[in-house]
Amino acid sequence: MGRLHDICAHGPAYTFSVRRLALLESRYKLHTMEWEKAELSQMRANPHRDYYNCRKVDTHIHLAAAMNQKHLLRFIKKRMKTEMDEPVIERNGKTLTLREVCDELRLSPYDINLDSLGMHADRNVFQRFDKFNLKYNPLGDASLREIFLKTDNLQNGRYLAELTHELFEDLEESKYVNTEYRLSIYGRKRGEWARLAEWVQGHRLFSPNNRWLVQVPRLYHLYRRNGTLNNFEEFLDNIFAPLFEATRDPGSHPELHLFLQQVVGFDCVDDESKPDSPMPTSLEDWARRGFAAEPREWDSEANPHYAYYAYYLYANIAVLNQFRASRGFSTFAFRPHAGEAGELSHLHAAFLCADAIAHGLNLRRSPPLQYLYYLKQVGIAMSPLSNNMLFCELSKSPFPLYFTRGLNVCLSTDDPLMFHYTKEPLMEEYCIARHTWQLSSIDLAEAFRLSVLHSSFEPSVKAYWLGSDYELPGAAGNDITRTNVPDIRLEFRRRALEEELAAVGGAIAAAHVPHGPSPPLHAPPSRPTPAAMA
């Protein structure tokens, strides 16, 4: 980690990266000027495929905010009309019905509307993640959030399960849009996995258009302060011990075993704009600053640095994956939030540990790091409409720049409940991006294809969506009848990447080869030989 910091801060590396990224940008513009007509000809000759029926995956979307406001409002109104006497919440040892909760809040189905629901992000949440989190409370009341948007409540998450089934129906109706909904595991208790698996299995929450990701909020410090946990090792044990047990003996956790077949990855989430604790970068730093190097020794109430979370989640997932692969079970990707705000060190840690990331806004602040993400083609799922309300105005979004330079980027929705208006939020995201940055139909098809590659759907599913050789670079891995991406575009991207890798290799080799004596300052230019001129 410290070495990566040094490389990104190195003056010559910075200059080299800036120039290579500018060259990539210019080459793309030249390519589109010269080859856009030929690319369009290839697309138009391809039958059936277009903007609507290319496969695409929303690789960053949270289940509790996956519906739009109108959908949630309609659902709440219906339950207020038909299930008013349903027990929904316990408070101070007393069980309250939905009618009693509504009476406390002075609500009736006729009164509430989108404005009173108050869940759409507005200008007041910009740079204020604390205010944004309050938008998860319908009508500003936390009890309604527990009733309608939680998996673990008095009703065992029945309302959220019903909402999820309605979302699945919408996905299956659209056919070509797929999702990777995120569910939360907090690490407070070992029983969380069993309850979540029971919720998914009990309500039969499976769809061919969806796979699950599990997000781990970075909230250890809160659990330590209230006495729930004694050290960071307990936090990790609560997250991973049940998974190792279910892998070793599926019969001991049958519901969890079945659930894990639909779980494809892990995320790590929280407000990145919060100040981090100091980040040790070497063994000497650990010793000098007095930080605990091992999770069992981290028993303070301070929250560990993002990099500490990232490393230990990555390490446990890597070991778990080896164990599961040896048993013939599915494995998991690590795709955390990184670079939405806060320190650049989050992106350094993610570069070393993650398979892909969500957001990546702060890569614009570090050309060397951005260039490394390009060279390694680390997947970046960006959410411009979400960023527009929270951290980065739409006009300043780096998405079009990243895409032009060839970074491995696609679009995602994040929280449709707060940022979108239509029944198909992912299509809304791409439509707005197309008009805002004048993206072509070729650009959109390329981004759709990248979203499938970013996703953690099974290889057999990806092969059906993209073609059997989808893992090969360039035109060799493209089936235009499935992706609608012209071979010319993918071949250009392949050559550009290969040339950049060669340029980096050449620069490294030149830095280690001793140079001969320099020519005199005023030496006359040598004449070209006839052979050279020929």
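# A few questions about this fold

Me: Where is the place of His 120?
Reply: This is a predicted model, with residues numbered from 1 along each chain as its sequence is written, and local features need pLDDT of at least 70, side-chain atom pairs count only at pLDDT 80 or more, while totals for chains, interfaces and linings use all residues. Side-chain values use heavy atoms, leaving out hydrogens and water. Helices (H or I, at least four residues) and strands (E, at least two) are DSSP runs numbered from the N terminus. On that basis, His 120 falls in the loop between helix H5 (114-117) and helix H6 (129-134).

Me: Is His 120 buried or exposed?
Reply: Buried means under 20% relative accessible area, exposed means over 50%, and partly exposed is in between (1.4 Å probe, protein chains only). His 120 has a relative accessible area of 15%, so it counts as buried.

Me: Which residue has its backbone oxygen 3.0 Å from a polar atom of the His 120 side chain?
Reply: Contact here means heavy atoms within 4.5 Å, and leaving aside residues up to four places away in sequence, the ones His 120 touches include Gln 69, Lys 135 and Tyr 421. The His 120 side chain reaches the backbone oxygen of His 420 at 3.4 Å. The backbone oxygen at 3.0 Å belongs to Met 418.

Me: What is the relative accessible area of His 359?
Reply: His 359 sits in strand S9 (residues 356-359) and has a positive phi of about 90° although it is not a glycine. His 48 also has a positive phi, near 80°, but it is exposed, at 53%. His 359 is buried, with a relative accessible area of 0%.

Me: Why is one side of S8 and of S11 left without a neighbour in the sheet?
Reply: Strands pair if DSSP finds at least two bridges between them, and four strands form an open parallel sheet in the order S8-S9-S10-S11. S10 (residues 379-382) and S11 pair over 3 bridges. S8 (337-338) and S11 (409-411) stand at the edges, so the reason is that each has a single partner strand.

Me: At about what angle does helix H21 run to S11?
Reply: Axes are lines fitted to C-alpha atoms, for helices over the stretch in contact, and angles run from 0 to 180 degrees between N-to-C directions. Helix H21 (residues 441-454) lies across S10 and S11, and its angle to S11 is about 100°.

Me: How far does helix H9 reach from its first C-alpha to its last?
Reply: The buried residues of H9 include Trp 193, Trp 199 and Val 200, and they pack against several elements, among them helix H8 (158-174) and strand S5 (210-217). The expected span is 1.5 Å times one less than the number of residues. H9 (residues 191-202) has 12 residues, and its reach, close to the expected 16 Å, is 16 Å.

Key: A polar contact is a pair of N or O atoms within 3.5 Å; within protein, one must be able to donate a hydrogen and the other to accept it, and residues adjacent in sequence count only if both atoms are side-chain atoms.
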